[in-house]
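User: I am new to this structure and would like a guided look at it. Could we take it one piece at a time?

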2 protein chains.
Amino acid sequence: MYRTHTCGELRISNAGQQVTLAGWVQRIRKMGGMSFLDLRDRYGITQLVIDDSISHELNEVAGKLGREYVIQANGVVMERSSKNAKMPTGDIEIKISAINLLNASQTPPFTIEDETDGGEEIRAKYRYIDLRRNPLKRALELRHKMAQETRKYLDSIGFIEVETPVLIKSTPEGARDFVVPSRMNPGEFYALPQSPQTFKQLLMVAGYDRYFQIVRCFRDEDLRADRQPEFTQIDCEMSFVEREDILNTFEGMTKALFKNVLGLEFADAFPRISYSDAMKFYGSDKPDIRFGMKIAELKNLQSEQEDLVSGKSFPVFDSAQYVGAICVEGAAAYTRKQLDELTEWVKRPQIGAKGLVYIRVAEDGIKSSADKFYTPQDLSAIADRVGAKVGDLILILAGEKKRTQEALGTLRIEMGNRLGLRKSDHYAPLWVYDFPLLEWDEESERFYAMHHPFTSPKPEDMEKFYSDNREDIADVAANAYDFVLNGTEIGGGSIRIHDSAVQKRMFEVLGFSSDEADYKFGFIINAFKFGAPPHGGIAFGFDRFCALFGGQETIRDYIAFPKNNSGRDVMLDAPSKIDESQMDELFLKSTVKR
Amino acid sequence: MYRTHTCGELRISNAGQQVTLAGWVQRIRKMGGMSFLDLRDRYGITQLVIDDSISHELNEVAGKLGREYVIQANGVVMERSSKNAKMPTGDIEIKISAINLLNASQTPPFTIEDETDGGEEIRAKYRYIDLRRNPLKRALELRHKMAQETRKYLDSIGFIEVETPVLIKSTPEGARDFVVPSRMNPGEFYALPQSPQTFKQLLMVAGYDRYFQIVRCFRDEDLRADRQPEFTQIDCEMSFVEREDILNTFEGMTKALFKNVLGLEFADAFPRISYSDAMKFYGSDKPDIRFGMKIAELKNLQSEQEDLVSGKSFPVFDSAQYVGAICVEGAAAYTRKQLDELTEWVKRPQIGAKGLVYIRVAEDGIKSSADKFYTPQDLSAIADRVGAKVGDLILILAGEKKRTQEALGTLRIEMGNRLGLRKSDHYAPLWVYDFPLLEWDEESERFYAMHHPFTSPKPEDMEKFYSDNREDIADVAANAYDFVLNGTEIGGGSIRIHDSAVQKRMFEVLGFSSDEADYKFGFIINAFKFGAPPHGGIAFGFDRFCALFGGQETIRDYIAFPKNNSGRDVMLDAPSKIDESQMDELFLKSTVKR
């Protein structure tokens, strides 16, 4: 060992001890015949003091040092005269008698400080330097802790960790697979798994009862912001369970993580809400319930609630399938300019509202941009329904139901942000369940699985699932659920189909020919013929789970070596060209001109 | 939950309780108006008793059941009249009142017994059925335990688990890389890592001090028996350490595994032996020290020990560079036929000895196949050197030193097997150190790194490393070490180069042009310029580690979904052809005729 202690370890109780430390030079300051050097390692920073008069040799070595030099230093622990209460080692300093230069450093391309001066690109290229900064170090330490606690909890309740293969079979359905040419099987390819879905189901067929894995998954998608081509899942599956069993089990896991990683106790059960209620009240299938501001329906053709807006000669509301509102607390003072800007904001194509109607509930009465059509009594009725009181602002959107709900949901999040209601250190978990099973795609004229083709229909919808009528099939609910944290979907899962006949029907509904289904999924259809137990599971997006626990929105700092938005590792400069001889061995030719 | 208890859980203390179990039908026996059904799940087997007279309905369901049907059964726990001491649940049985058929099963293609009737191929195809058998279940449970205990130990001594990327840059050197065409970067490829070697070194440069990961690695090699294209490593790296620190740390880890997984305590330090002594005494760089039978040198031109065999007119020994012997205890009774057969065995090309000389040390005197040349006194001197006593058999080989040592090593293992000295439940770990750094390849006329190009030369050999003389360079020892268990190399590592100038010299010695080194390893050469600490590490072959702990020689049972010797997953039927449209998206054409 090059050291007796780490740079985070020494305290006043060590005073008088002869110690050896090793680490990186964070900074050096000269002050009247003395040099003060902050030595850094993973565990902290310790101040070294070099008395220039002690020895010429020591002085000379110290004079050569610069930022990020790696040294070994020997000396005696002394109590500091001016203590630094902000540092755990702030009560002491080391009076140095010898320094051994272990490695020099070029001047780093940016400062190793919490707030660095480096741009994103340069930090990505020198990731090994960026990783020295505290925010990234803390992120990876949090991730480590999350992984250990996850395994510890699942192991303690009888889950077995099984490693599933990375070189598997390509069965694209939904996202694109990354593929790997096989040299030993000319013209054939492996695929990298988008998830170990079929393997974990096979493990249930094999009787493993409770499986988990923290596992790398791969998706060759055009990368949206904050997506990575490779990402990590906490992947889990259980046998002989119903939905409630899975929600309870993983609520337990999540509470253990909150407690052991963040020190937060959740005494109550997490809220549970159906997909349709999530859409109705939050305009989202992943509601952020850190704040209220629930959507109120003013008109909904499918609801029996009283229509508060039609028949008042306001054509926009008269013709709308749906009119909904949110109440923004204390925002009645919004100016005309702010409201105009908000109107433009909801009309952007990402949101797609046609316009915005507002009602101000002010001291001096109730005022609306639709005053022409509505009496103060009409407006009061609306204010009552949305629960507005004096000082609040009501925002109303109208149009096709689902789109308008979603637009209101987006507007709600925006107003939550503007009002500072979405605090990163406030955690509001919930479960959403009963998602639709299928989604009709107009372009390809077929159904797609909302979750994946192994998700079971709800038992009570089984008759509709076998119907010849497309509307009936579209109406089938899935026995599926999501775990949502602060408006982000962190986990998703379902009770699976375990009956080979139902699985066959699913492939039929998805428009696979029998041959196609056999070619792609023959092994699992077959497996279900040999005693598949009822089973279900869930997978958590581990990168995002860690980022949220760290109070961050982006995952990139929670991955040691991430890729950029073009899927490149700019540090490695990968992907890259390979030799012609490698191509030849793989029986491949590139169609790109070199 | 479909059950109140598992099939491994109920005991006599549960007698009288109403319970519900779920699982697979292991077997059914009819006996005079009663059916006895063994119900199996991951946790054990419980006997269900169905009284045919209880209800027509129950009787009818029971009559339909066959092997591997999945059922849920309800009943009362009863004390058995004839107890089965071999089963943890053998004191009780369940008197069944209701059975719910959860899923039927076709007759499985082989029996789900410890000794099955299925051949290797059919079991591979139906892996999910084979995994139901106890030996495989125990293997995967052992692997789970090994993984948890490894992480627990390393976490407890401050190691941080960091996930490194799977999509990296192709830098073939040694084995072939698997590559992954990039759709977003036309004509370019990612590679799958052969190990996270460079990443863990970058993490040391980044100051992470103690890193580990249980990680998948990939090698596109022609598969020898019991090799897999994807395999798992316990991968570790430490900063500010010397060799002793690493050996002590991972000796601690290994002892913790022995203790917590197998219940075995190793009080003493593991033996440590240099590479040259391992070759000298065991003819192998991975000696099996579960038994002695050390090699004795009878003649070694590089040794000062007395030559016991030359100058007696036996041309084979006179002309040999090296003559060595092993003493096989109690084997003096080997017949002429057995010895002839052994002679043929050592002459096989895999071993390549020219012949075999034996000496029998029998009650009635000492006899040899080279009696013509050696007096009884000569033979006695040999017997003394190898430590033979009455009843032992001495086997002697001669020839070029290294080859003959290796042949003796192989013969030693064979004799150990024949004498039953290699018991799978006896564990003999050891460390081997001071390997050669480089290996000269006559064909390509260049040096190859024995370990990998990041291994440091021993400090005392640094001058030779910079020599212009090829002999000097060939003579440089590496600061490298292997962990060996029962004659199998389980772990290997080294102190790394942390000086960019030394790393540059290494690439020069390996015959890389400066451009080539920069293109392939520029990022790490660069990283070393920004304050790389002294560091070193080790990686353990996790699959084989688990297999040895399980007392098995082959790894295939310790991998849930392994590939066969052609790299195929016969269950999935992967690799497979992909669509032309997928090829087009990747800018690839196959040169294989479809």
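User: How many of the eight residues of helix α16 of chain A are buried?
Analyst: Seven of the eight residues of α16(A), which covers residues 542–549, are buried, so this helix is largely enclosed by the rest of the structure. Buried means under 20% relative accessible area, exposed means over 50%, and partly exposed lies in between, using a 1.4 Å probe and protein chains only. Helices (H or I, at least four residues) and strands (E, at least two) are DSSP runs, numbered from the N terminus.

User: Which residues of α16(A) are the buried ones?
Analyst: They are A:F542, A:D543, A:F545, A:C546, A:A547, A:L548 and A:F549. After the helix comes A:G551, whose phi is positive, near 75 degrees.

User: Before going on, what should I know about the model and its numbering?
Analyst: This is a predicted model, in which local features need pLDDT of at least 70 and side-chain atom pairs count only at pLDDT 80 or more, while totals for chains, interfaces and linings use all residues. Residues are numbered from 1 along each chain as its sequence is written, chains are lettered from A and ligands numbered from 1 in the order in which they are written, and side-chain values use heavy atoms, with hydrogens and water left out.

User: How many of the nine residues of helix α5 of chain B are buried?
Analyst: Nine of the nine residues of α5(B), residues 197–205, are buried, so that helix is largely enclosed by the rest of the structure. The cover over its buried residues includes β1 (18–31) and α3 (127–130) of chain A, together with β9, β10 (230–239), α15 (514–527) and β22 (535–541) of chain B. The residue B:G207 follows α5(B) and has a positive phi, near 90 degrees.

User: And in chain A, is A:K200 buried or exposed?
Analyst: A:K200 is buried, with a relative accessible area of 1%. It is found in helix α5 (residues 197–205) of chain A. Leaving aside neighbours within four places in sequence, A:K200 is in contact (heavy atoms within 4.5 Å) with A:Y211, A:D235, A:C236, A:E237, A:R496, A:I538 and A:A539.

User: Which side chain does the side chain of A:E188 make a polar contact with?
Analyst: The partner is the side chain of B:R568, at 2.7 Å. A polar contact is a pair of N or O atoms within 3.5 Å; within protein, one must be able to donate a hydrogen and the other to accept it, and residues adjacent in sequence count only if both atoms are side-chain atoms. A:E188 is found in the loop between β7 (179–181) and β8 (189–191) of chain A, and at 15% relative accessibility it counts as buried. Not counting residues up to four places away in sequence, A:E188 touches residues including A:V180, B:P575 and B:K577.

User: Where is A:D475 found?
Analyst: A:D475 is in the loop between α13 (470–474) and β20 (480–485) of chain A. Its side chain makes a polar contact with the side chain of A:K464, at 3.0 Å.

User: Lastly, which peptide bond is cis in chain B?
Analyst: The bond from B:A574 to B:P575 is cis, with omega near 0 degrees. In chain A, a cis peptide bond joins A:A574 and A:P575, with omega about 0 degrees.
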